[in-house]
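Student: Please take a close look at one helix-helix packing in this model. I would like the geometry and the residues that make the contact.

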Amino acid sequence: MASTDTKPPKHEEKKDEERTLTPTAEIKINIAFIERAVAELEPRFTHRVLRSLTALRKRINDRVLRDAIEENYPAESTVKAKLLSWLPPATEAEMDIDSTAQPASTPPSKPTSDPVPEVEIYVRLLIIHHFHTSKENYAKSIQLSNETVDKMLALNRRSMDPIAAKIWFAVERSYELGGELADARPLFLAAQRTAALRHDDDTQASLINRLLRSYLHYNLYDQADKLVSKTTFPVSASSPQFARYHYFLGRIKAVQLNYTTAHTNLQAAIRRAPPAKTAPGFYQAVHKLFVVVELLMGDIPDRSIFRHPVLEKALAAYFDIVKAVRTGSLSEFQATLMKHATQFEADKTYTLIVRLRQNVIKTGIRRLSLSYSRISLRDICLKLHLDSEEDAEYIVGKAIRDGVIDGRIIHEKGWMECEGRKNGYGPDVSEVYMRRIAYCMDLHNQSVKAMRYPLDAHRKELAAAEGAREREKELAKEIQEGDLDEDDGLGGF
């Protein structure tokens, strides 16, 4: 009789282990990785720790942080006392839970010396993010952020650069939640100059994004544009930093009426952004601006964008705007704008959407020119809900001059005559075609730059090539010495 005992698959065992891993144990593993990165001069271990920061900071609390500090620092450590001073003392209920949770287990061995300074900065980073979860701790987060920055600058360790980039993000968040974001700008400017001189690409990319966000938060678009023109964004920056940078560039260029460049930057931001479920807020913000810029360029966004599960609810108001622009109904556009004005102002897209009024009118005129070979200005005024026939004549004349429609105005008779539909070929079509080719080539080049290869893989290939050369040399030597006959390997023939 066959046994009914079956072993669970290996991938299920791994999932169970990950599911049972406590935040305290995860912090301890991360500290071991940071110490290994410092000892072996391998920053990839630190980057591995920081990639788990987003998920870890949602699971930490006062008790988790206290336990992590107690387990990784010796009892007489001054650093441990300083870190614990930022956290409230353990309550009696928590101490009772700790005593009943592990009655028979052996206590973990205490370390005999302090970990590397990078570990202290990492623990401070976790405490700052924990302070962001409650409004009562906003002031403490600003104090801890300033103290951490001073300590980080005093240490001046290059192995701390990846963690420093995350620290600056936490500093910005602390000041923003405390309502003092403008006060942090001089600190960011001084740190950015230092990072540029030290060629610290991670910190420099983070600080440029912090400054751009600070400028755009207060609608200082001229200062943001000057910062972009005076600085060079590091090529080796991570994809999330590049995504933020392209998003900020898209906002700046859209306000400056440079819609083509803004569209290109927003496409790059969407391509480099984390998955939609990982960073839904950023994904929605980029697509909101992307939809508006596409409308300002005269294009209609793809309908599949509005069916995305992460974007469907967030882009509902923008979908109504797209329908109004597509139909060319000025009255529907004005009603939709008034209905969702509060959301557009919160998203900081209201001023851009107001510019769409001319696009709505142009769309309506284009639809009329395709439907009628001759139409009076009075009928145009009524169909587009314009104020007077003079406004209709001016708008139609501008549309003809801009090449939106192909026709002419008969002023004496008060109508517009429309000619046949334009040919599908010409300089405009070739320009669009070349722009698409340039976009594909740029996408290919960026994809090649972003490719990653296994570490030391080339050494295995070199070892294999050297072994093949040695075998060839031995074979040639045997042939020269006569040890290998010409008939070897021919069997009995």
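Tutor: The model is predicted. The pair consists of helix α14, residues 239-255, and helix α16, residues 280-296. Their axes lie 11 Å apart and form an angle of about 30 degrees. Because angles under 35 degrees count as such, α14 is roughly parallel to α16. The crossing of α14 past α16 is left-handed.

On the α14 side, the contact involves Ala 243, Arg 244, Tyr 247, Gly 250, Arg 251 and Ala 254. Facing them in α16 are Phe 282, Ala 285, Val 286, Leu 289 and Val 293. Sorted by class, this contact holds eight nonpolar residues, one polar residue and two charged residues.

Another pair can be set beside this one. Helix α8 (residues 117-131) and helix α10 (residues 161-177) cross at roughly 25 degrees, and their axes come within 10 Å. That angle makes α8 roughly parallel to α10, and α8 passes α10 in a left-handed crossing. From α8, the contact takes in Glu 118, Ile 121, Tyr 122, Leu 125, Ile 128 and His 129; α10 contributes Ile 163, Lys 166, Ile 167, Phe 169, Ala 170 and Ser 174. The classes here are eight nonpolar, two polar and two charged residues.

As for the setting, the chain has 25 helices and three strands. It has 493 residues, of which 39% count as buried. Among contacts with a separation of 6 or more, 63% join residues 24 or more positions apart.

Definitions and conventions. Residues are numbered from 1 along each chain as its sequence is written. This is a predicted model: local features need pLDDT of at least 70, side-chain atom pairs count only at pLDDT 80 or more; totals for chains, interfaces and linings use all residues. Side-chain values use heavy atoms; hydrogens and water are left out. Axes are lines fitted to C-alpha atoms, for helices over the stretch in contact, and angles run from 0 to 180 degrees between N-to-C directions. Helices (H or I, at least four residues) and strands (E, at least two) are DSSP runs, numbered from the N terminus. Angles under 35 degrees count as roughly parallel, over 145 as roughly antiparallel, 65 to 115 as roughly perpendicular and the rest as oblique. A crossing is left-handed if the near helix is turned anticlockwise from the far one by less than a right angle, and right-handed if clockwise. Contact means heavy atoms within 4.5 Å. Ala, Val, Leu, Ile, Met, Phe, Trp, Tyr, Cys and Pro count as nonpolar, Asp, Glu, Lys and Arg as charged, and the others, Gly among them, as polar. Buried means under 20% relative accessible area, exposed over 50%, partly exposed in between (1.4 Å probe, protein chains only).
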